[in-house]
Amino acid sequence: GAAPIEAAILDGEREFGVSVMKIVKEMDAGPVYWQEKVNFSDDLGGAADFGDSDSFGDSDGVRDDGKNEDWIDKFEIYDVLGRAGAEFIVKMLNGLENGEKFVAVEQEGEPSFTQKFDTGMAKMDFSSKSAEILVREVQAFAGFPKSRMEIFGKDCIVTRVRVVNLNEDGEGGYDSQKEEMGVFVREKRLFVRCFDGSVLELLRLQPAGKQEMEARAFLNGYGK
């Protein structure tokens, strides 16, 4: 489909792959000459820089359930897999020139299909989606259609976020459950409380007509 890597990110996958296949009439149905996969945790970079951790939240980037919050950069995945595929094709062409044989193996199982993205998917809907789902969307929609949210009356493209654990235990002397759903500010940091009580921190964004900036800089200019 149109967005296989993005679809994997949206599904919460952390392993990504590339295949070199024989072209046939049907879409993506040809036998496979070669495959490679990379695991985000082991083979890719992208560790998040969370900046000033202040007095509350998951400043180490690991949630209470132990899941790592390293940032998945889809452009890095495209680059790594694209380079791997190109290197194999060069090797294959050189091998064919020297009389080497390459055997293609038929695909197994049923294919899955990915949808084409459109601008209607860009709105960050915290009234029906959890903080974790919104993180995946910001990662997958980077470049296009770009995740967007209205903050203090300003249309913003959101480019970097993370899940934080501001809970009923009152981390840092603060109880996020007392906040209404939506955008709120604490200690010059910008948060969104989602419908299920999960909390998203906005780290970087781009207001309409402006350059991308840190959330703290945005608050200095537009904050209430």
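A contact means heavy atoms within 4.5 Å. The model described here is predicted: local features need pLDDT of at least 70, side-chain atom pairs count only at pLDDT 80 or more, and totals for chains, interfaces and linings use all residues. Residues are numbered from 1 along each chain as its sequence is written, and side-chain values use heavy atoms, with hydrogens and water left out.

**Overall architecture**
- The protein chain contains 5 helices and 8 strands, taken as DSSP runs numbered from the N terminus (helices: H or I, at least four residues; strands: E, at least two).
- Their order along the sequence is α-β-β-α-α-α-β-β-β-β-β-β-α.
- Among contacts with a separation of 6 or more, 62% join residues 24 or more positions apart.

**Burial and cysteines**
- Of the 224 residues in the protein chain, 39% are buried (under 20% relative accessible area; exposed is over 50%, partly exposed in between; 1.4 Å probe, protein chains only).
- Cys156 is buried at a relative accessible area of 0%, and Cys194 is buried at 1%.
- The whole structure has 0 disulfides (pairs of cysteine sulfur atoms within 2.5 Å).

**Helix H5**
- Ala215, Phe218 and Leu219 are buried in helix H5 (residues 215-222).
- These residues lie on the same side of H5 because they cover an arc of only 100 degrees around the axis, the arc being that of the directions from the helix axis to the C-beta atoms.
- Asn220 and Gly221, on the other side of H5, are exposed.
- The buried residues of H5 pack against strands S3 (148-151), S4 (154-164), S5 (182-186), S6 (189-193), S7 (199-207) and S8 (213-214).
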